[in-house]
Amino acid sequence: MSGHEPDETWWKTRSVYQIYPRSFRDANGDGMGDLAGITQGLSAIKALGAGIVWMSPIFRSPMVDNGYDMSGYREIDPLFGTMADFEALLAEAKRLDLKIVLDIALNHTSIDHPWFQAALADPSGPYRDYYIWRDEPNNWQSIFGGPAWSKADGDDAFYLHLFDKTQADLNWENPEVREEIYGAMRFWLDKGVSGFRLDVVTVISKPPGLPDAPDPRPMPLYDMLAGGPRLHEWLRDMRREVFDPYDCVAIGEGPGLNPERAAAVVNPADPMLHLIYHFDFVDHTGARHGKDWDRVWFKSVFDRWDKGIGPNGWNSCVVGNHDLRRLIARFGDPKADPDLVAKALAATYVLQRATPFIYQGDELGLGDTTITSVHELDDVWAKTTYRLALSKGNSEAEALAKAVAMTRDHARTPYPWTPEGGFGTGTPWLKPTPNRGGVDLASQQADEHSVWAFYRALLELRAKDTETWVFGAYEDLLPEHESLFAYRRGAYGLVCVNLGGQTCALPETITALLAERTCILTSGDVTPTHMGPWSTQVCA
């Protein structure tokens, strides 16, 4: 890094483990994951080797969108427990040297939030200006489908909701809104959390006058809205007012940002956010819906973001999360050994020049769930997809197939702690993913060849040799190869993965590099000259 020692900041050298609180562990037997359950499970995350725990929202919410519709920024939702439970979680995390990062939605609140209720009760009062209203809507479409404008019962004006109609967009032009948000984040930082993942933060600044969009569909609208005219101004203000006084990390979810726009946001010379959580792996249509996918494109995403952020900023690496189908369903092969697929995919992203994010269950190779009825759906987005498909003349079977293909429920099923489940003593809120055998934590911790053991080995490598596996330069050695992914890290690190279902002969350039190195970690059928389907080797 320009002749200087790498910045060994904790959020660069540690890895992130994402918890979906409702589905992680149920301590009180009510069928819902809770804070006490998370506290019980922190030691398992420590054993895996992650150092940062990011929790999806735990704030007060009617749970229409499972917590991303917040009705109280400074309150724990009773579904998850009490403030005392949260403080006990923080104490246990501190004992284990784990950093806790909270998920917070800054673009919108629930319409149940007292601010929105006050805006309805008194249209001439101060809270009306906390939200965005129009007498006539523009052409914007909700990310979840349908118009992005709705009327509340008894109110004549339309309010903006880029997501579900129960999630009203905040008016960030109002300085009182900004100070309310800043105060809420400082409240949690004072409690002892180590930062935030800022949900869809890139769309908080809307274009003046809210003009019609050239293409009002959800993803093009994201691209238009991301990085609005005052975004940088407000992020700089937030950094100065909230983050700089604390040893914390600000992770911005960045739909609509390309690497160049993201680089401006994470440039230390102009401090805004520490990390951007990008969407390139989310937007690939084939992978999103479990269809065959382009390996050359997949590799190019890593390369493009590594080059785009450059040596001054820092990347995050997010391939799976709570909003997506399971990793091995999106980027796998139903004809292949799912454990080999899970290990191969892990090797593609955990050892990048970035902070890796591991979503709960991916470290076990957990696959998609089975949904046979619309009544088994919980995801509001999937329910909207089903309803819109019916309205367009699709049959019930066709509508259900469309909803199942995209539902976020696949990633939100209860975490499998034991062969019997182990999530809790009550009936789980969401039907568990059928266990194909061995896809549970207890079984995999006892098996040195498991997917969990492979993830742990990758994280150990990263922690023990930061010069190579954290800060070492990244180079894709076979960018055009249709199956092999071979990349170099630093002077000696080398990762080779066969992302296809056929045995591949290794190019001479790769066999020469392998001959000069010691193999540290392998999976699948590997020889000095060939790699079997979905096989992996990590060398240095």
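Me: R408 forms a salt bridge with D65; how far apart are the closest N and O atoms?

Reply: A salt bridge is a side-chain nitrogen of Lys or Arg within 4 Å of a carboxyl oxygen of Asp or Glu. In this predicted model, R408 and D65 meet that rule. Their closest N and O atoms are separated by 2.9 Å.

Me: How many residues apart in sequence are the parts that R408 and D65 tie together?

Reply: Helices (H or I, at least four residues) and strands (E, at least two) are DSSP runs, numbered from the N terminus. R408 is in the loop between α16 (396-406) and α17 (441-445), while D65 is in the loop between β3 (59-60) and β4 (72-76). The pair therefore ties together parts whose separation in sequence, in residues, is 343.

Me: Are R408 and D65 buried or exposed?

Reply: Relative accessible area decides this: under 20% is buried, over 50% is exposed, and partly exposed is in between (1.4 Å probe, protein chains only). By that rule, R408 and D65 are both buried.

Me: What kind of model is this, and which residues and atoms are counted?

Reply: Residues are numbered from 1 along each chain as its sequence is written, and side-chain values use heavy atoms, with hydrogens and water left out. Local features need pLDDT of at least 70, side-chain atom pairs count only at pLDDT 80 or more, and totals for chains, interfaces and linings use all residues, because this is a predicted model.

Me: What is the mean pLDDT of the protein chain, and over which residues does pLDDT stay under 50?

Reply: pLDDT is the predictor's confidence in each residue, from 0 to 100. The chain has a mean of 94, with 97% of its residues at 70 or more.

Me: Which strands hold R197 and D103?

Reply: R197 forms a salt bridge with D103, and the closest N and O atoms are 3.2 Å apart. The two parts tied together by this pair are 94 residues apart in sequence. R197 is buried at 0% relative accessibility, and D103 is buried at 0% as well. R197 lies in strand β11, and D103 in strand β5 (residues 99-105).

Me: Which residue's side chain does D199 join by a polar contact of 2.9 Å?

Reply: D199 is found in strand β11 (residues 195-199) and counts as buried at 7% relative accessibility. Beyond four places in sequence, D199 touches residues including Y68, D103 and E253. A polar contact is a pair of N or O atoms within 3.5 Å; within protein, one must be able to donate a hydrogen and the other to accept it, and residues adjacent in sequence count only if both atoms are side-chain atoms. At 2.9 Å, the side chain of D199 has such a contact with that of R197.

Me: How many disulfides does the structure hold?

Reply: A disulfide is a pair of cysteine sulfur atoms within 2.5 Å. For C519, which is in no disulfide, the nearest cysteine sulfur, that of C539, is 3.7 Å away. The count of disulfides in the structure is zero.

Me: Which residue's backbone oxygen does the side chain of N498 reach at 2.8 Å?

Reply: N498 lies in strand β18 (residues 493-498) and is buried at 0% relative accessibility. The C-alpha atoms of N498 and W534 are separated by 4.9 Å, although the two are 36 residues apart along the chain. At 2.8 Å, the side chain of N498 reaches the backbone oxygen of Q502.

Key
Contact = heavy atoms within 4.5 Å.
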